[in-house]
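Subject: Structure handover

Hello,

Here is the structure we talked about. Please have a look at it first; my notes follow below.

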Amino acid sequence: MKKKVSLAMAAAMAASVMTVSAPVMAEENVAITIFNSKMEIQTVLESKAAEYSAEKGVDVQVYYSNDTVAAHMGTRYASNDPYTLSMVDAKDIYSLGPDHAIDLSDQDWVKDTVHAIEVDGKVLGFPVCVEARGIIYNKDAIEATTGKEFVPTDYATLDAFKGLLDELVAGGMTTPVGIMKEDWSLAGHFLPEIYEEQEDVDAFVATLYDGTADLANNAKFNAKMDTFDVLMANNYAKDYAIAAERNVTEQMLAEGQIAFMFGGNWDWSVINQYDYSENMGMMPVPQNTEDGTNTKLVGGGSKYFFIDSSDNTSDAQRQAAKDFLNWLVYDEAGQSFVVNDCALVPAFSNNTLEVSDPLGQSVKAYSDAGNLIPNYNYLPDDHYSRCGASFQKYLAGQIDRAGFASEVEAYWASTTPVEH
Amino acid sequence: MDENKKAARKKVVAHGFMMALLIVLFVIFIFPFILVLINVFKNMGDITSDPLALIGAHGFTLQNFPNAMKSMGFWGAFGNSLIVTVTSTVLTLLIAAMAAFVIVRNKWLACTLLFSGMIASMVIPFQVLMIPLVSLYGGVFGVLNHRVTLILMHVGFSLSMATFMFHGAIHTNIPLELEEAAYIDGCTRWQTYWKIVFPLLKPTIATVAIIDAMAFWNDYLLPSLVLGRKELYTIPIATQVFYGAYSTDMGLVMAALLLAMLPILILYLFLQRYIVEGVTSGAVKG
Amino acid sequence: MKRNTMSYKIQQYVMFAGLATVLFLAVVIIPLIYGLYLTFTSWDGVSTQRPFVGIANYIAAFKDAAFWQALGRTFIYSAIAVIMVNVVAFLLAYLVTSGIKGQNFFRAGFFIPNLIGGIVLGYVWQFVFNRAITSIGRALSISSLSIPWLSTPNGAMACLIIVSVWQYAGYMMLIYVAGFMSVSKSLMEAAQIDGCTKTQATINVTVPLMRASFVQCLFLSITRCFMVYDVNLSLTKGEPFGSSVMAAMHVYNQAFTYRNYGTGQAEALILFVVCAVVGVTQVYIGKKGEVEA
């Protein structure tokens, strides 16, 4: 029965294949496909790909999906129809790379970056850009309110920062802070800094897994949460923190109704849709600490390309993909594309072009000075949503700090360690 | 005379009440749509700062439409959507109505099995099927990236509900006597079906047509799995370039939405006539 | 004509339902069976390895408290939403078939919400709930209106129900309209001549004859509500603090976001069985009554 059905099915499908004329591709040209998971560069990437195709005689097609990267990759691999080059997040390189990516260790660009991802001695991920987290500020708005010059490095400690907030309030900006309530921001970006700024991150995470960590009495946890409490107290959406809309918050920051928001340089793609102030930038999250982390942003490589290793991709296609990556790193046009068209902070030291957006400039400055605390890329996949729910409860005043600490501890104790 | 007047007045009052109720409900229902209409003529900043303002601080703009059309490749996507929607809808109607007919009129085991299977399948979350589906038709048979594959899959998935609806309609609204009369006149079942039964299903056909056409026209998940090539993109896949995890240009999204919903509205207005026409008037004539 | 031979039956079946059977098996049943097989592996969705793990995924699913919470929540949401959708849809259908002026216009209007999907739906309704209603609340100083409903778990649930009713009522209205239209006018007229008022005629003549429409609408709304995903995603994303994650969203996250594909798939099958039992029971009861009527 089943056989009959599948035969009939195959026949039906075969008939369908024949009736539809497949798009005819010029065979002499190598055609490669690129999966882009950075929505804000889709338009420029598409038009650049068209130019690149015309110039190099390689047909480059750019695709985008608003599915999660993992789900989209899953369906493409399940259907045996992978992209030649796929742009994914760091964690996806660890999960997909060993099965699906080719070794890029022999490529020239490996020596020009510290951000490439290596798994089991093989370079599998090509870093697209550098991104970092911190407090985004609106300098113009601050100076207009306080009447004084704003020098971000003066406010590394929470005490100093609090003083500035009070000045702003006194100057008429009654609620100078915006907080994104999204779980990826709270527990994907803010909470991990508590791990990332520990002296030995891996050892600390190990204590979380085995349940011996005591967050409530951890100095870093308390320092960060003290800062978060101050942010909360000055939140423009204090009464409905958990319903604040991201677009509104970003617009208020861009247009100077608020002065500070925890975020990253990717937020520029939202801010620049509004009438943004000229002088904006990013600074480290203020903290009362002696360990120097309050002088650094947290971040590193972000978004990685890998090249498909399966039989669906020919060697010629793989070579074309490698050429494209080299073009991004070494060709002047490629360098300019990354920095000027995409407004990204380059991940390669040989690309010395000046970054165009103000948040990117801050990130580049901190990065060049070696003041980036590296990302921890081995968080479990459900960390941001499970701990995010707890963090949202904290933000909404449903649980106190001790309750939050114990929920995060309980999450870690219940989850299986990510191997790396 | 007086009685009549009273009754007439009562009728007017009832009529007025119903009208008022309708208008209130209508405003509530249409309000989000009006928000879309207002905001599509604004830029992103004005949309965020005051979605209710009729005209944004940056003035009235038509720019969202050409921008959206350009970056989604509107006409190509429109053509694809049209082909896929029309073919899938017609096939679904034909195939489902026939299946429903044989299921209603016979108590065979195969019919019962098929119908129960279909009913049960209507509650399968699509996420359960999506990976197996692409593994099979992409990984094993390699027939993805063709419109025909999408059309056949659309039909396969929508058959259950369409059959279910036709089943109800045939069961309750088509008198068996009509068919029996036809058999006595020497018609075969096939002829009877096409001459007597199918024409009587008009309201249901129109209902199913609009429901399915809308579902096909707006479907995102299945086409995104089947059509991995740009030149095959339908409108919903083409518009996904406007959505991002970290940023979304609402103006473009709304423009695309309005452009995409027009054909369905027109179809709806057109088919409405058949839904309204009613079954029995046809039966008397037929 | 030999109507009782096997070959006649087969010929008839293939002629009328052959294509339907083939397509249905090919697109739904076979992938479902394959999906069932995947629940016995610990596949993560992208790896080339698919190790066989027996019923471990089902054990994980049964132990997954968040899944059962989501399922319970889905029950509550569905129960309320299904009733409201059908009440509103029936009312709308009654109003727009009563011969009132401009009824075609109204029908189109009530249908429009179906055409607004995806992120626009979430955006527009977030605006309505977060800003429009709160500003009314503040203006009238009604405290229950001045705090955004989306910021509390119960409020978020209420918002989900409101938007679902808004979205599905027009759709179900369409089916009820077809039901109203299929009831013979002459029957209604006969009833009215016999001394029934219009309302009485509707209740005693039309409604019983519309049983098929009720069965269909209830079934469709039950299954839709049980599998709600789009509205959930675009309106609340499961927030605040994960309190509005419905079953389908949990399944999707489990399979694709947390990369426990096998467990997610197993949970999806459990969800399927639950929906199937509820849905088929409802249809069975409805059909039984139909035979009696």
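Chain A first. A compact globule of 420 residues would have a radius of gyration near 22 Å, and chain A has 24 Å, which agrees. (That radius is taken over C-alpha atoms; the globule rule is 2.2 Å times the number of residues to the power 0.38.)

Before going on, two notes on the source. This is a predicted model: local features need pLDDT of at least 70, side-chain atom pairs count only at pLDDT 80 or more, and totals for chains, interfaces and linings use all residues. Residues are numbered from 1 along each chain as its sequence is written, while chains are lettered from A and ligands numbered from 1 in the order in which they are written.

**Chain A overall**

The C-alpha trace of chain A spans about 75 × 50 × 40 Å along its principal axes. Chain A has 16 helices and 10 strands. These are DSSP runs, numbered from the N terminus: helices are H or I with at least four residues, strands are E with at least two. Of its 420 residues, 51% count as buried (20 or more other C-beta atoms within 10 Å of the residue's own, with C-beta atoms placed from the backbone).

**Its two domains**

An automatic or database assignment sets the domain bounds. Domain 1 of chain A covers 29–131 + 300–371, and domain 2 covers 132–299 + 373–414. Their centres, taken over C-alpha atoms, are 29 Å apart. In domain 1, 16 residues are in contact with 18 residues of domain 2 (contact: C-beta atoms, placed from the backbone, within 7 Å). H14(A) gives the most to domain 1's side, with six residues.

**A helix pair**

The axes of H6(A) (residues 158–170) and H9(A) (residues 219–233) come within 11 Å and cross at roughly 5°. Axes here are lines fitted to C-alpha atoms over the stretch in contact, and angles run from 0 to 180 degrees between N-to-C directions. The two helices are therefore roughly parallel to each other (angles under 35 degrees). Leu158(A), Lys162(A) and Leu165(A) in H6(A) meet Asp226(A), Thr227(A) and Val230(A) in H9(A).

**Chains B and C**

Here 80 residues of chain B are in contact with 76 residues of chain C. On chain B's side, H7(B) gives the most, with 14 residues. That side divides into 61 nonpolar, 18 polar and one charged. Nonpolar means Ala, Val, Leu, Ile, Met, Phe, Trp, Tyr, Cys and Pro; charged means Asp, Glu, Lys and Arg; the others, Gly among them, are polar.

Best wishes

Methods: Two residues are in contact if their C-beta atoms, placed from the backbone, lie within 7 Å. A residue is buried if 20 or more other C-beta atoms lie within 10 Å of its own, exposed if 12 or fewer, and partly exposed in between; C-beta atoms are placed from the backbone. Angles under 35 degrees count as roughly parallel, over 145 as roughly antiparallel, 65 to 115 as roughly perpendicular and the rest as oblique.
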